[in-house]
Amino acid sequence: MVESMTTTLRTQALQVARPVAAQLAAAFMAGRVVAGTKTNRHDLVSAWDHYVEDALKSGLAGDGAVCWGEETGREPVTAPGQLEWIIDPIDGTSNFVHGYPLFSISIAAVIDQQVVAAVVMNPVSGDEFSADATGAYLNDEPLAARPAPQHVTQYNLVTSFPAAEILHRAPQASQLFGELVTTFATVRRLVSGALEICYAARGIADVVLGVDAKPWDVAAASYILTQAGGTYLTGETGPAHLAPHYLAVAPGRSAEPIAEVFAQIRKM
């Protein structure tokens, strides 16, 4: 019964997201993007962020569900068992605005603060990551991770740390970044946190380090990762998608190479 319900939610999210993703891809390819700023010059927003969020909320409405969107805020959950959709209309708006084809639509279905179904969609590549109680999927096929490197020294790390915001409050973050560069074989900066975590689920990224994340950034992707056999670590109790900092570890990999640095980052 539970599996059937979560599969229905996953299917619903996919069906709602697909036509919107097609519109977003067309706008991206045509270069029809104008952006402004929200909290600072690093935090961009476009008219498409608002359009996509409104379209997703409209498509997912019904059956007493409420929505928590990046652009429109959180509608209150008023009863146990009530369905909450957590939506990031464009995760990686900076990439979208600058013509870099790594951004995503992220949708998580949450009941009693637990994610039960999830979709992360790359409108440009067409890749559809999703998960429910039956497992994790890529383009509706079971999601299988690439084999792990032979040694932790060969791991690649994906992270947007340190962002400008954390450098303002903790200038020593640049020194920790230097440690990461010397520890890992490669350090990549992709900007879309949801895609970064899904790449860990796929084994393309061995470890993902996220700092100052919001629930809409990680709710869907963190569930996809764990359903694919990966590990999502926050160092905190409570729902994982509400924690600000995280390590997303691909299946068959270890968090050991970054554990000490992560502990220091959590204190910043």
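Tutor: Helix 1 (residues 2–30) packs with helix 2 (residues 47–60) at an angle of about 160 degrees, and their axes lie 9 Å apart. The model is a predicted one, in which local features need pLDDT of at least 70 and side-chain atom pairs count only at pLDDT 80 or more, while totals for chains, interfaces and linings use all residues. Residues are numbered from 1 along each chain as its sequence is written, and side-chain values use heavy atoms, with hydrogens and water left out.

Helices here are DSSP runs of H or I with at least four residues, and strands are runs of E with at least two, both numbered from the N terminus. Axes are lines fitted to C-alpha atoms, for helices over the stretch in contact, and angles run from 0 to 180 degrees between N-to-C directions. Helix 1 and helix 2 are therefore roughly antiparallel to each other (angles under 35 degrees count as roughly parallel, over 145 as roughly antiparallel, 65 to 115 as roughly perpendicular and the rest as oblique). The crossing of helix 1 past helix 2 is right-handed, a term for a near helix turned clockwise from the far one by less than a right angle.

On the side of helix 1, the contact (heavy atoms within 4.5 Å) involves Gln-12, Ala-13, Val-16, Ala-17, Val-20, Gln-23, Leu-24 and Ala-27. Their partners in helix 2 are Trp-48, Tyr-51, Val-52, Ala-55, Leu-56, Gly-59 and Leu-60. By class, this contact of helix 1 with helix 2 has 12 nonpolar, three polar and no charged residues (Ala, Val, Leu, Ile, Met, Phe, Trp, Tyr, Cys and Pro count as nonpolar, Asp, Glu, Lys and Arg as charged, and the others, Gly among them, as polar).

The axes of helix 6 (residues 193–202) and helix 7 come within 8 Å and cross at roughly 5 degrees. That makes helix 6 roughly parallel to helix 7. Helix 6 contributes Gly-193, Ala-194, Ile-197, Cys-198, Ala-200 and Ala-201 to the contact, and helix 7 contributes Asp-217, Val-218, Ala-221, Ser-222, Ile-224 and Leu-225. The residues of the contact of helix 6 with helix 7 divide into nine nonpolar, two polar and one charged.

Helix 7 (215–227) also has a place in the second largest pocket, where helix 7 and strand 7 (114–121) each supply at least two residues of the lining. The largest share of that lining, three residues, comes from helix 7.
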